[in-house]
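Here's a quick briefing to read alongside the model. Keep the 3D view open and find each spot as we go.

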Amino acid sequence: MPETRSINQNNTPKLLPNFLNLGTVLRIVLLVNGIALLGIASQANSLADLQSSFLQGSALLQPVLLTSLLLLYALNSVLLRVAYWQGVLAVSAVVAVATVTIDILGGDLFFVLGDVGLSRYLRHALVGITVSLIILEYFRLRAQALSPAKQEARLQALQARIRPHFLFNTINAVLSIVRADPKRAETALEDMADLFRMAMEEPHELVALGKEVELAR
């Protein structure tokens, strides 16, 4: 049976992306390649130069991206249980290790004249970490932006379930007194009409506290 949650419960949104979700993985692939293309385009002198640089960069980018996503897929359950900052550090470490490992294993495939040694590996690792932080920040902002909408949807769903029960209970209560006390039954129906009129107002509209107290009384 699914766990019952209160509508007032303050559920912390999951700020780290779910690496098991196909849509999330697709967004990551598109964002990473878009960032890479944007970075290369800012330095390219011509369209041919842009195409050549992107293909050359993709030789390292795509294996690193695929390897990182596979590792994060395997670690997803662990990442969802740790604190957000720990997850960020773990994701950054995974990307940095994958980048350096593939760069070293690739050897001459990623070799550029004059770009050898430890400085190249450190630079590539820093680029990978920077891109990772950008992607994680995007998903963090997205989760925070969607959180109020989810809470509003849960609230409206709960209201939709409560109103019919309240209506049936009120009608039954009125029927039980309509003959013995018609005036009281009439008052109850008027009160019910006032309550439903308030309930059907725009949910985003702010209401004064005094008005809420008056309605409750």
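This is a predicted model: local features need pLDDT of at least 70, side-chain atom pairs count only at pLDDT 80 or more; totals for chains, interfaces and linings use all residues.

**Overall layout**
- The protein chain has 6 helices and 0 strands; helices (H or I, at least four residues) and strands (E, at least two) are DSSP runs, numbered from the N terminus.
- Of its 217 residues, 24% count as buried, where buried means under 20% relative accessible area, exposed means over 50%, and partly exposed is in between (1.4 Å probe, protein chains only).
- The protein chain exposes about 15,200 Å², and carbon and sulfur atoms supply 65% of that; accessible areas come from the Shrake-Rupley method with a 1.4 Å probe, and for residues only the protein chains shown count as cover.
- Take the contacts (heavy atoms within 4.5 Å) in the protein chain with a separation of 6 or more: residues 24 or more positions apart account for 68% of them.

**The aromatic pair**
- Tyrosine 138 and phenylalanine 139 sit edge-to-face, 5.0 Å centre to centre with 75° between the planes.
- For the rule, rings of Phe, Tyr and Trp (its six-membered ring) pair if their centres lie within 6.5 Å; planes under 30 degrees apart count as stacked, over 60 as edge-to-face and the rest as tilted.
- Tyrosine 138 is partly exposed at 32% relative accessible area, whereas phenylalanine 139 is buried at 6%.

**The nonpolar core**
- In soluble globular proteins, nonpolar side chains tend to be buried together.
- Here the largest nonpolar core has 16 residues, and those with the most contacts inside it include Phe19, Leu72 and Ile135.
- A nonpolar core is a set of buried Ala, Val, Leu, Ile, Met, Phe, Trp, Tyr and Cys residues joined through side-chain atoms within 4.5 Å.
- Leucine 72 touches Phe19, Leu79, Val91 and Val94, leaving out residues up to four places away in sequence.

**Serine 68**
- Serine 68 is found in helix 2, and it counts as buried because its relative accessibility is 5%.
- Not counting residues up to four places away in sequence, serine 68 touches Val94, Val95 and Ala98.

**Salt bridges**
- Side chains of opposite charge can pair when their charged atoms come close.
- The count comes to 2 salt bridges, each being a side-chain nitrogen of Lys or Arg within 4 Å of a carboxyl oxygen of Asp or Glu.
- Aspartate 103 and arginine 120 meet in a salt bridge (3.5 Å, N to O).
- Aspartate 103 is in helix 3 and arginine 120 in helix 4, so this pair ties together parts that are 17 residues apart in sequence.
- Both aspartate 103 and arginine 120 are buried.
- Glutamate 137 and arginine 140 also meet in a salt bridge (2.6 Å, N to O); they're 3 residues apart in helix 4, so about one helical turn separates them.

**Leucine 215**
- Leucine 215 lies in helix 6 (residues 209–216) and is partly exposed at 29% relative accessible area.
- Leaving aside neighbours within four places in sequence, leucine 215 is in contact with Leu195 and Met198.

Definitions and conventions:
Residues are numbered from 1 along each chain as its sequence is written. Side-chain values use heavy atoms; hydrogens and water are left out.
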